[in-house]
Amino acid sequence: MSPLKIKKGSTSHSAYDLRPTFSDKEERHTLAVLVENEPGVLSRVIGLFAGRGYNIDSLTVAEVDHLGHRSRITIVTTGTPQTIVQIKAQLGRFVDVHKVNDLTVEGPSVERELALFKVQGTGEHRIEAIRLADIFRANVVDSTLESFVFEITGTSEKIDAFAELMQPLGLTEIARTGVAALSRGSVA
């Protein structure tokens, strides 16, 4: 009896279609996770990422329901579609997790980040820093004779662009909050 000569993934009708259904391309996803506001919950969520070698690009946490003792964890991570599905499934298995939303795939969402920039400089550099801050709608929240502290809110890309422009003007320190995100419209 001769062996079957079936090419791996030869047609879409083959029982031996072994082509992967997921892309190998890494994508950025924003996950909103509603959890119990209890000690150790954040540690377990972070442990899931660390234990499996997943990276967290941004992380914000705050209590959103005082009476229900619930917090919202907003996580920005990058991975293949298969990795993101796995992350969501594993998060959903935690007892303390009430809901996992992937804002990237659920429709339009609004993402913002807050950042503080300390810029030191005098003379022309100082004037140029103020001009650029005005263009980016950054507020001066502290000023001395040698430095400014600017506050800026916007997308991560906007904050990155502002940082790049401030670098040659005397940028010495940056503090960023991480991404806060909500879905748009009536979708919960």
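Biologist: Leaving aside neighbours within four places in sequence, which residues is Phe-150 in contact with?
Modeller: The model is predicted. With those neighbours left out, the contacts of Phe-150 include Ala-115, Leu-116, Phe-117 and Val-119, and also Ala-129, Ile-130 and Ala-133.

Biologist: Which residues of the largest nonpolar core touch the most other members?
Modeller: This core has 17 residues. Phe-150 belongs to the group that touches the most other members, together with Phe-117, Ile-152, Phe-162 and Met-166.

Biologist: Which element supplies the largest share of this core?
Modeller: At least two residues come from each of β5 (109–120), α3 (124–135), β7 (147–154) and α4 (156–166). The largest share is four residues, and its source is α4.

Biologist: Are α3 and α4 roughly parallel or roughly antiparallel?
Modeller: The two helices pack with their axes 11 Å apart, at an angle of about 165°. Angles over 145 degrees count as roughly antiparallel. Therefore α3 is, relative to α4, roughly antiparallel.

Biologist: Is the crossing of α3 and α4 left-handed or right-handed, and how many residues of their contact are nonpolar?
Modeller: The crossing is right-handed. On the α3 side, Ala-129, Leu-132 and Ala-133 meet Phe-162, Leu-165 and Met-166 of α4. The contact has no polar and no charged residues, and its nonpolar residues number six.

Notes
Residues numbered from 1 in each chain as written. Predicted model: local features only at pLDDT ≥ 70, side-chain atom pairs only at ≥ 80, totals over all residues. Heavy atoms only, no water. Core = buried A, V, L, I, M, F, W, Y, C linked by side-chain atoms within 4.5 Å. Buried < 20%, exposed > 50% of the residue type's maximum accessible area, 1.4 Å probe, protein only. Contact = heavy atoms within 4.5 Å. Axes fitted to C-alpha atoms, helices over the stretch in contact; angles between N-to-C directions. Parallel < 35°, antiparallel > 145°, perpendicular 65-115°, else oblique. Left-handed = near helix turned anticlockwise from the far one by under 90°. Nonpolar A, V, L, I, M, F, W, Y, C, P; charged D, E, K, R; others polar.
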